[in-house]
Amino acid sequence: MFLAHILQAHPEALPLNPIARWEWVFPIVESIHICGFALLVGSIVILDFRLLGICLRGQPVSRIAKELSPWIWAGLALQLTTGPYLFSGDPHEYVQIAAFRNKMLFFALALIFHFTVIRVATRPSDDSAPLGWRRPAAFVSLGLWFCVLLAGLWIGNL
Amino acid sequence: MSFVRFCQWLSETHFSHQLREAPYDFPVLIIIHIITIGLFGGMVVIGNLRVLGRALRSVPVSRVIGQFRPWKWTAFAILLVSGTLLAAADPMEYGFNIMFWISTALLLVAGVNALIFRFGVYRSVAEWENASEAPPAARRWAGVSLFLWIVLVFTGRAIAFF
């Protein structure tokens, strides 16, 4: 991990990091991280539910995707700032936790899947076509995000 | 029976013991509780943002709210059962945790807020859902709801901290 190398190269900087200095910083940043999860994954779940045909059926898929997209990006921005910051509090520890490495793996897979397969599945040209292969694709997306959440919960040993 | 006695009695029941001591019951309940929040919390957020005119603008308000409703009720039922069991697993801990009670109170306020919206301004939704802006009352309730749920994440997380 690139970030881990940077942080490990300057062990003297760690005690200056607010998240390592004050015990109340972590739960606050973590709460923002949870809100970001609800925004990012909550929006994606709504889109996946639409692709499964169980939610917002009357509306074109591409339009739902387009209108949820700014919130997906906002959620992603929150996660990509709060996540690395939570990690910076104890980088040596996190890289050794299997659940953390699994979470990063599932997160990368879920993002790649979203911006490739789900992007293709929400093309405007397919709006009037039957859902077909897009149903199992939405199911895979839901499964990947479920794994991200589960691995994330496991980091804290529950 | 006083509240302290009640918590003591509950924590000594076989049921509470089992929830607390069994290796899987408590973690499984937490997983169910948080996964439900993760999967369906987004519907609360997007539903409120729709009323505020910030998300899914091409979909009529009543359709967004109506389509999310069964999912939100399902999630609410799961959260209520798993949350009650989690509290019952360790009443001496949660019963005297200030953040637990603040969260519970906020949850009630959020529920009342939703009912005021539902049986107030939402009853005339057909008249305003196609307008470019929802009436101020509707936007106010949606804003309050969004704010309450965000605060609830913080106080809910803080239960473990206090």
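This is a predicted model: local features need pLDDT of at least 70, side-chain atom pairs count only at pLDDT 80 or more; totals for chains, interfaces and linings use all residues.
1. Chain A has 7 helices and 0 strands. Read from the N terminus, its elements run α-α-α-α-α-α-α.

2. Of the 158 residues in chain A, 31% are buried. Among the contacts in chain A with a separation of 6 or more, 80% are between residues 24 or more positions apart.

3. The contact between the chains takes 27 residues from chain A and 25 residues from chain B. On the side of chain A that touches chain B, the elements giving two or more residues are helix 3 (25–52), helix 4 (61–88) and helix 7 (134–155). Helix 3 of chain A gives the largest share of that side, 13 residues. Sorted by class, this side of chain A holds 19 nonpolar, 5 polar and 3 charged residues.

4. A:L56 deserves a look at its backbone. Most residues other than glycine have a negative phi. The phi of A:L56 is positive, near 50°. A:L56 sits in the loop between helix 3 and helix 4 of chain A. Is A:L56 buried or exposed? A:L56 counts as buried because 21 other C-beta atoms lie within 10 Å, and the cut-off for buried is 20 or more.

5. In chain B, B:L56 also has a positive phi, near 50°. B:L56 lies in the loop between helix 3 (25–51) and helix 4 (61–89) of chain B. With 24 other C-beta atoms within 10 Å, B:L56 is buried.

Notes: Residues are numbered from 1 along each chain as its sequence is written. Chains are lettered from A and ligands numbered from 1 in the order in which they are written. Two residues are in contact if their C-beta atoms, placed from the backbone, lie within 7 Å. Helices (H or I, at least four residues) and strands (E, at least two) are DSSP runs, numbered from the N terminus. Ala, Val, Leu, Ile, Met, Phe, Trp, Tyr, Cys and Pro count as nonpolar, Asp, Glu, Lys and Arg as charged, and the others, Gly among them, as polar. A residue is buried if 20 or more other C-beta atoms lie within 10 Å of its own, exposed if 12 or fewer, and partly exposed in between; C-beta atoms are placed from the backbone.
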